[in-house]
Each structure stands twice: as structure tokens, then as C-alpha cells.
Amino acid sequence: MAENFQPLSVSKLNDSYDVVIIGSGGTGLAAAIQANELGMKVAVLEKEEELGGNTNRASSGMNAAETNVQLKHGVIDNVADFYHETYKDGGRLNDKDMLGYFVYHTAPAVDWLADHDIKLDDITVTGGMSKKRTHRPASMAPIGGFLVKSLLGVVAKENIPVFNNTKVTKLLQAADGRIKGVEVKSGDLTKKVDAKAVILATGGFGASKEYIERFRPDLKDYKTTNQPGATGDGLKLAENVGAELMQMNLVQVHPTVQQDHPHVYLIGEAVRGEGAILVNAQGERFVNELNTRKIVSNAITALPEHSAYLIFDQGIRDRAKAIEFYDKTGLVVHGDTIEDLAQNLNMDPTTLKATVNTWNQAVSSHDDEQFHRTTGMDRGITKPGFFAIHIAPAIHYTMGGIHITPKTQVLDGNGDIIKGLYAAGEVAGGLHGNNRVGGNSIAETIVFGRQAGQQVTLYARGLK
């Protein structure tokens, strides 16, 4: 729970609202703020005790192109490159209209956050991107917790009601098929709430054994980085009113996840974006660390151990603040020198030393002859101490979901709009193709959360 924010008890839930938003992650909160500012009476319903959903776990940042922040850092970018790189990285399976809307609305989304005093003034890079597009707070804190806490601050200021431990069990339909409200359950209480429109912002199904087994049985034994509530509830609600699901087999496996503890920890892409390398159990590099997540995950899975080590130094650690948390949690192996680190990892010190030396030369000459990496080369691995984190791939993100239009309207199997029902964020499919680029999901939550907030307002205004 973001500190100091108190969700309301379900006893305070009114019988009707203009808009009911299901889910309190980045998408739901952005939609609620936007719709509220446009004069809508909104309520946010969250089934879990904790607010923020999977957004809490996001660590790298928010991608955007042609921003003033980029220019302040000397980065000259253009939206067309952002579009083409995302399209290529998604295996050219992205919905082109959604992707077009997305890339052109990322810079305004960064500005909108800044207008609410949520400033993302630092930038880094993630895999599959040619430029530094990944915006994050100047403190370099992980984006997710920062964003949830900040958005809840705006929600509190604007007196937007948020209810936790409140599960939506059914979407209510009028005789003509339009969605006219929800049925909720909280403890022993069941209640119907009328609404002109409903926004599904319920996240993906990365923690659902049932959906993973149904669509990707090959991944059923993989661990997940998702919070326990990411069970695809919004997909079930939508399917029950005839919505079409799309690309449900497209599940992203994140390459760098620490899995040696009962709790699984995602090690954010920013660590590689700031200069870390990956080595195998022998201490040798085996992949361009900032290729797409799909390619890097497959390369790790192909190793005999199906796992690898992130190697970095104090200079990189200073640029990726999440490492302090990883270290406190006991995930980081230390060494005073590279040879010392190698011994602590049961590797041949000569091999790891040679690997790091070769990498440092590649950084100096900006020419990675071995694996042709071109980004995340601002600094070598030279500043004592030296560190490693043991990682392996885990289920991270579900690219498939509810079929929507770029206006976030939900479509049925015939391609017709289900009136009064909107979906945005990870619950919706189509934006990312077969591989989501790191930093694009946080951007999606704000861009399409805002879009949903605007579109439900237009729809509600049109109802008599």
C-alpha cells in the first residue's frame, strides 16, 4: 500500500457512478484522474488488499520519444523511430493503429505527469531501443512504486474514492447489450453498482496457472514476477459479455529474474541499460544483453544451467538505485576485485577477468565485436567493488488480452463495439506484438489510462 493513502470501506460505495474503474494499478489510477478532471464521478475498485497491482513491481522506467527531458539530456529522438523499433521488436504483430496512437502520445503523457508534479527527469535505455527513451525519476528510484505513490497522492488530493478488498464478480448488461454497471463482492456483502461506463484496468494473467496452462502449457512450470492478483479476472469478466480475446499465446518471459529465494525478484533492465553484462557459469558473455527480452531469455534458457549472472561495478550500481534493495534482500554477491568476485561465484578468475577486460575495451572503442551491442555502453566495469546477481528467465508479461480499438473500446468476436465497456493496460492485447519492449508497459498505463478516461467521458456525455 502506498504510505498514508487510506482506501475506503465498501460500506461507503454509492449505488451509482458515471464511471467504475476496475483495478488500481497505473492504468486505473491514470484513467480515474483523467475522467475525474473531465467532470466524471468515478470509483476505483481493487480486489486486493494492496493498491497498485503489478505497477508496484515495475523498475526500469517509462518510454517516450521527442520529450523535453530527452533534449535536456542531449538526446535527439523521433517518434517514427520509436514506432518502427517497437514494431520490429514485436515481430511485426503489433496492432498498427494502437501502436501509432501510443508512440505519438508518450511525450504528452510525460508532460501530463509533470503537470501533476510527477516528474521523470532522468533517462536510461532498455533492450530493443536505439535511443535513451526510458524516463524515470531523478532519484533513479524504481518507477513502479514511485508512480503508484505519486498517482495516489493526486487521487487523494482530488478526493477520488478508491475501494480495496472489493472484487467485481460480474458486468451488468442492459437489454440492448450495453454495459450498465457491475456486481461486487466484499466479505459477505454483494452489491450492484450502476455506471454509465466501466473501464477494465485489471492487468494481465501472468500469475494464473489456469490461463497459462490453457494458452501456454510449455510455461506452466515457470515462476512468475507477477503479484498474486494478476490472475486474468478482467479477461473472464469480458469473455462473459462476449468480448474477444486476442494473441493469448504471446507471453513474455523476462530474462533477468532472481529465483533462488522463495520470493521471486525481477532485476530491472535498467541494470543492463546502465552497463551490466551477462555471463554464463564459466564467466563468458554469450549474448547481446540489450537485445529484445525474447532473444536474451532464449539465450539464457539454451545454456546448460538455464541461468546466468549479471556482472556490474559500483559505477553502474550508482546509476541503478534498485540495486540497493536487491543487496539488502541478499541477492547480490560481492567482490573487492573481479578475481575475488569470480571466486565467490565458483568461476575461473582468469576467464571472468578476460571477459570484463574485453568488454571494457569494447566500451572504450564503442565496438562490441563479439555480440554487436550498441547501447548501455556509457561506462565500463572498472570501479570497485564488483558485484553479481544470479538470474534466470520467468513469466513476466502477457501481451495478449482483450481486443480493443485505439479508443480503448472493447470489441466482440464480430468486431463490433460492446457499448459502455473499455479496457486499457495489460488486460488489453495488441499493442506489443510478440515481445514487449522494457519501459513500454508503464508508458501504456499512462497513455491508454488517459485515453480510457477521455473516451468514457465522451461516451457518458452522449448518454441521455
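Analyst: A word on domains comes first: their bounds come from an automatic or database domain assignment. The model is predicted. With that settled, the lining of the second largest pocket takes at least three residues from domain 1 (10–206 + 399–461) and at least three from domain 2 (253–395).

This second largest pocket has a volume of about 340 Å³. Its lining consists of 19 residues, and those nearest the centre are Lys-88, Asp-89, Gly-128, Asn-291 and Thr-292. Two helices give two or more residues to the lining of this pocket: H3 (79–89) and H10 (293–301). H3 supplies the largest share, three residues. Sorted by class, the lining has eleven polar, five charged and three nonpolar residues.

The largest pocket has a volume of about 400 Å³. It is lined by 15 residues, and the ones closest to its centre are Asn-56, Arg-57, Tyr-265, Leu-266 and Phe-325. H12 gives the most, with three residues. By class, this lining has eight nonpolar, five polar and two charged residues. Where does the largest pocket lie relative to domain 1 and domain 2? Domain 1 (10–206 + 399–461) and domain 2 (253–395) each give residues to its lining, so the pocket lies between them.

The model has two cavities of 30 Å³ or more. The second largest cavity has a volume of about 80 Å³. Its lining has 13 residues, and the closest to the cavity centre are Ser-59, Arg-136, Ala-270, Ala-320 and Ala-322. Helix H9 (270–273) and H12 are the elements that give two or more residues to the lining of this cavity. Eight of the lining residues are nonpolar, three are polar and two are charged. Because domain 1 (10–206 + 399–461) and domain 2 (253–395) each contribute to the lining, this cavity also lies between them.

Next comes the packed interior. In soluble globular proteins, nonpolar side chains tend to be buried together. The largest nonpolar core in this model has 99 residues, and the members that touch the most others are Val-182 and Ile-402. Helix H15 (residues 440–462) is the element that gives the most to this core, with nine residues. The core takes at least three residues from domain 1 (10–206 + 399–461) and at least three from domain 2 (253–395).

Ile-21 is part of strand S1 (residues 16–22). Its relative accessibility is 0%, and the cut-off for buried is under 20%, so Ile-21 counts as buried. The C-alpha atom of Ile-21 is 6.1 Å from that of Ala-43, although 22 residues separate the two along the chain. Leu-29 belongs to helix H1 (residues 26–37), and Leu-29 is buried too, at a relative accessible area of 0%. Between Leu-29 and His-116, which are 87 residues apart along the chain, the C-alpha distance is 13 Å.

A few places in the backbone deserve a look as well. Most residues other than glycine have a negative phi, and most peptide bonds are trans. Asn-346 is not a glycine, yet its phi is positive, about 60°. Asn-346 sits in the loop between helix H13 (338–344) and H14, and at a relative accessible area of 73% it is exposed. Thr-408 also has a positive phi, near 70°. Thr-408 is found in the loop between strand S17 (401–402) and strand S18 (409–411), and there it is buried, with 0% relative accessibility. The peptide bond that joins Pro-384 and Gly-385 is cis, with omega about -5°. Gly-385 lies in the loop between helix H14 (349–365) and strand S16 (386–398).

Last, the record. An unreviewed UniProt entry places the feature "domain: FAD-dependent oxidoreductase 2 FAD-binding" at residues 18–442. Over residues 18–442 the chain is 30% helix and 23% strand, with 26 Å between the end C-alpha atoms.

Key
Residues numbered from 1 in each chain as written. Heavy atoms only, no water. UniProt positions renumbered as here; feature names shortened; annotations may be inferred. Helix = DSSP H or I, 4+ residues; strand = E, 2+ residues; numbered from the N terminus. 1 Å grid on protein atoms, 1.4 Å probe; cavity = no way out; pocket = protein on both sides within 12 Å on 5 of 7 lines; lining within 4 Å. Points joined across faces, edges and corners; volume = space filled by probe spheres on them. Nonpolar A, V, L, I, M, F, W, Y, C, P; charged D, E, K, R; others polar. Core = buried A, V, L, I, M, F, W, Y, C linked by side-chain atoms within 4.5 Å. Buried < 20%, exposed > 50% of the residue type's maximum accessible area, 1.4 Å probe, protein only.
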